[in-house]
Amino acid sequence: MIEVKNVSKQFGKLQILKDISLTLSKGECVAMIGPNGCGKTTLIKTILGMVIPTKGDTFFEGKSIQNEYAYRNKIGYMPQIGRYPDNMTIGQIIQMMKDIRSDHDNLDEQLYINFKLGGLLEKKMRTLSGGTTQKVSAILAFLFNPDVLILDEPTAGLDPVASEILKEKISSEKAKGKLILITSHLLSELDDMITQIVFMQDGNISFHKGIQELLDETGEQKISKAIAHYLKQTQHV
Amino acid sequence: MFKITKIVLLDILKSKFVLFYTLLLFVMSWSVFNLEDNYAKGILSLLNLILLTIPLVSIMFSTSYLYNSSEFVELLLGQPLKRSRIWISFYAGLSLALTLAFLVGTGIPVLIYAFSTVGIMMIVIGVLITIVFISLAMLCSILTRDKAKGIGLSIVLWLFFALLFDGIVLFLLFQLSDYPIEKMMIGVSALNPIDLSRILILLHLDQSALMGYSGAIFKDFFGTTSGMIVSLSALCAWAIAPFLISLKRFNKKDL
């Protein structure tokens, strides 16, 4: 569904992405992990067309995304830190997004109901806590029933209850056969839903494997241990 | 197309700053017309006040607004929207909001106290100058990622156009006073939107007599319809060119 082909990105002298190729297909739940500053967010942003790669191209359903924008109708994106116009209320933001996106037929307001934001609709974005802002971002990402969900650190800043609601939502969307791409530091949080892991380091993809494959190769039971094992292995070689 | 413009416009109109700016303009215009019994004098005093405040407010407010909206721009870029459309909407939203503030703050008093060709000319020029400096602000904010640098750049631009430019022109005039440079001065004045506006208004007030021989040459050029069209187009070019450069850069920008 999404194909990243030989993408490199350079900011000044700093090379963030080094010739990355990645294929993500429908129905997968891909976790993208790696140390801070390894290029996860940059890679996500190239897929969204927010960062324009120095070299290479990205294809969405077989079509290049260069100078395209309509494909983003099929993507729901939840940024790491969502900031919104200070003077707008939650209700206005949601209404604005509905105005911008034309597909109103099958709105998915489940998260909105579960997060119980109904009473906060009149609150201005400026007055919201980080967690509530994250909730708004999550609601917006899921609202239009997109085929692809890109979630950048979705559970960071959410309280355990909200984080549980979100995880359930992600699982149920995954069951519908959507492609879900998540970046996260906290692996244990995701253990039960991800099907593939992309491990990034210094702008390279160290590996891109299915969970089962990874567990079998390393002989471990838990994903976090398997990754630690894998890293030790590669360092010794 | 108009959805985002509307959002930006409403967002700005809700901020207290625009209200304050409108009030400031209103108090300024109203008091100037009440101090002077002759409306032409009033226009002249108001002109000097306006040519300092409008550029300053337009460029500073727009630059800081654009920096503060960077996350909002990012949010919009994740949506199925064309990049250029987002940037154009911000330009339109800022221009509409500040133009509205100017029309209410200065436009109404001018129409009440000095309803004349010069009055209307002044309103048109006020609107143009507002847009010119918003356009420059858009360029400033796209040239650097750093908010402090961007705002610094916008202050420098304002200082240059409002104060330094005149100093340089004066210096050149004295240095080259032996040569017939009056005609060249017309071309030089087109390089500064503030000067251009000032000359346009002054020449409609018959104050050009104060400007000596250059004034006569200016009157010859700017006083005619074709001269006015040329100078108004120059102002329009100032309103569009910096914006187009910023648009081109925005389309390639990483966010």
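Which residue in S4(A) does A:Val4 stand opposite? Select A:Val4 and look across: A:Thr58 is there.

**Before you start**

This is a predicted model, in which local features need pLDDT of at least 70, side-chain atom pairs count only at pLDDT 80 or more, and totals for chains, interfaces and linings use all residues. Residues are numbered from 1 along each chain as its sequence is written, while chains are lettered from A and ligands numbered from 1 in the order in which they are written.

**Stop 1**

Select residues 2–11 and 55–60 of chain A. These are strands S1 and S4, antiparallel and paired over five bridges. Strands here are DSSP runs of E with at least two residues, helices are runs of H or I with at least four, and both are numbered from the N terminus. Two strands count as paired if DSSP finds at least two bridges between them.

Two bridges join S5 to S4(A), and the strands run antiparallel. A:Phe59 has A:Ser64 in S5(A) as its bridge partner. S4(A) and S5(A) make a hairpin with two residues between them.

Now centre on A:Glu61, in the loop between S4 and S5 of chain A. Its phi is positive, near 50°, and it is not a glycine. Most residues other than glycine have a negative phi. A:Glu61 is partly exposed, because 13 other C-beta atoms lie within 10 Å. The cut-offs: buried means 20 or more other C-beta atoms within 10 Å of the residue's own, exposed means 12 or fewer, and partly exposed lies in between, with C-beta atoms placed from the backbone.

**Stop 2: the six-stranded sheet**

Stay in chain A and show the open sheet with order S6-S7-S8-S3-S9-S10; its pairing is mixed. The edge strands are S6 (75–78) and S10 (204–210), each pairing on one side only. Neighbouring strands are turned by 15° against each other on average, direction ignored.

S6(A) and S7(A), residues 148–152, run parallel and are joined by four bridges. A:Gly76 stands opposite A:Leu149 in S7(A). Helix H4(A), residues 130–143, packs on the sheet here, touching S6 and S7, and its direction makes about 175° with that of S6(A). Axes are lines fitted to C-alpha atoms, for helices over the stretch in contact, and angles run from 0 to 180 degrees between N-to-C directions.

Helix H6(A), residues 211–218, lies across S9 (196–201) and S10 of chain A, at about 95° to S10(A). Then pick A:Asp202, in the loop between S9 and S10 of chain A. Its phi is also positive, near 50°. A:Asp202 is partly exposed, because 14 other C-beta atoms lie within 10 Å.

**Stop 3: two helices of chain B**

Select H6(B), residues 117–143, and H7(B), residues 147–175. They pack at about 145°, with axes 8 Å apart. The contact involves B:Leu136, B:Ala137, B:Cys140, B:Ser141 and B:Leu143 of H6(B), facing B:Gly150, B:Leu153, B:Ser154 and B:Leu157 of H7(B). Contact means C-beta atoms, placed from the backbone, within 7 Å.

**Stop 4: where the chains meet**

Show both chains. How many residues of chain A are in contact with chain B? There are 20, in contact with 19 residues of chain B. On the chain A side, helix H2(A), residues 90–100, supplies the largest share, three residues.

How values were computed: Two residues are in contact if their C-beta atoms, placed from the backbone, lie within 7 Å.
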